[in-house]
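The paragraphs below go from hairpins to a sheet.

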Amino acid sequence: MASAFRLSLKPKVSDNMTHLMVDFSQERQMLQTLKFLPVPKAPEIDPIECLVADNSVTVAWKMPEEDNKIDHFMLEYRKTNFDGLPRVKDERCWETIDNIKGTEYTLSGLKFDSKYMNFRVRACNKAVAGEYSDPVTLETKALNFSLDNSSSHLNLKVEDTCVEWDPTGGKGQENKIKGKENKGRSGTPSPKRTSVGSRPPAVRGSRDRFTGESYTVLGDTAIESGQHYWEVKAQKDCKSYSVGVAYKTLGKFDQLGKTNTSWCIHVNNWLQNTFAAKHNNKVKALDITVPERIGVFCDFDGGQLSFYDANSKQLLYSFKTKFTQPVLPGFMVWCGGLSLSTGMQVPSAVRTLQKSENGMTGSASSLNIVTQ
């Protein structure tokens with residue numbers, strides 16, 4: 001029966017599909033409910049409305065025409081040392097801030113370690129992001145410097161923007177170096193070794209190391225013009241430290257504030273607590289609480305060096321003089337450590353206080369001496 005059944009079934013093929021129909025009703029209904037959104041146009045950044053102040057940047061933009069379908073904006077920025085349009089092979093990548101609901105945004109707490117910053121923005125709706133705006137370049141110039149380890153006192157351990165008292169006086173490091181030099185050395189000196197007398201000078205420093213009781217380190221960048229600002233924070237257990245500026249000619253035995261080539265404020269927490277301004281070995285006691293952070297403002301062209309409470313911007317003391325040479329940031333520390341904050345703009349509050357400072361520096365006239 002099975003064989004006969006197979007013989008009776010003959011397949012029949014036809015291209016006539018009139019008796020079948022594909023049901024597209026659900027798909028048709030879905031397509032009819034779709035809503036198409038236009039791609040947002042590129043926003044326009046308004047450089048006049050942008051603001052750079054207090055290490056913050058506010059970027060403002062607008063749409064070329066009203067678009068109520070926009071959901072949010074995306075802002076991108078990057079640091080650069082090139083003016084004008086961003087370069088294809090720029091050394092830094094774009095950083096993104098997403099989901100901005102308004103038409104301006106403020107980046108705060110920035111370190112201005114580059115001359116400029118590039119900005120661009122694009123609008124987004126629920127479906128797609130639009131084209132980027134034309135990039136805008138804003139100037140973010142500020143003083144950046146590190147500590148000059150090559151000329152610091154051997155009792156100081158220096159790392160970039162930090163300095164700490166080292167009671168071993170660098171002996172551990174010296175012994176380590178000497179150990180490597182003596183390893184495998186025969187009685188006859190190697191002709192390849194350079195004698196101390198003919199040793200080339202350090203790459204970064206062109207001066208001798210501070211020595212004696214001058215536990216000093218200078219910055220590696222000279223100030224020759226303009227207005228600049230940086231901040232200093234001392235360790236809680238720091239027994240003695242000074243913050244100020246000095247000429248490059250400061251002697252290796254000289255202490256900050258004890259010569260006519262340096263100006264500073266000095267904090268002493270050993271035996272008795274003192275807070276004073278120093279210049280040319282003259283001292284002005286300050287009846288003010290020592291702040292947690294000290295802000296230093298240097299107006300080279302105006303001949304002014306001022307110290308502030310970095311948090312409240314209260315004026316601590318001002319020197320009024322005439323700088324006749326480039327100055328270097330200077331620091332002295334004993335039994336403790338200091339950390340620096342550079343790449344900072346002059347705060348707006350400090351700029352505002354400059355007009356009233358002239359009347360407050362009269363009491364310090366005994367320390368304000370023009371040096372050659």
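Strands β14 and β15 form a hairpin with five residues between them, and in that turn L271 has a positive phi of about 70 degrees. Strands here are DSSP runs (E, at least two residues), numbered from the N terminus, and two of them pair if DSSP finds at least two bridges between them. This is a predicted model, in which local features need pLDDT of at least 70, side-chain atom pairs count only at pLDDT 80 or more, and totals for chains, interfaces and linings use all residues. Residues are numbered from 1 along each chain as its sequence is written, while side-chain values use heavy atoms, with hydrogens and water left out.

Strand β14, which covers residues 262-268, is joined to β15 by six bridges, and the two run antiparallel; within this pairing N268 stands opposite T274 in β15. On β15 (residues 274-279), five of the six residues are buried, that is, under 20% relative accessible area with a 1.4 Å probe and protein chains only.

Strand β15 also pairs in the antiparallel sense with β16 (residues 282-285), over four bridges, and here H279 stands opposite K282 in β16. These two strands form a hairpin with two residues between them, where N280 in the turn has a positive phi of about 55 degrees.

Elsewhere in the description comes an open sheet of seven strands, with antiparallel pairing and the order β9-β10-β21-β12-β17-β18-β19. Its edge strands, β9 (156-159) and β19 (315-320), each pair on one side only. Within this sheet, β12 (residues 227-234) and β17 (residues 293-299) pair in the antiparallel sense over seven bridges, and W230 stands opposite V296 in β17.

Note on methods. Buried < 20%, exposed > 50% of the residue type's maximum accessible area, 1.4 Å probe, protein only.
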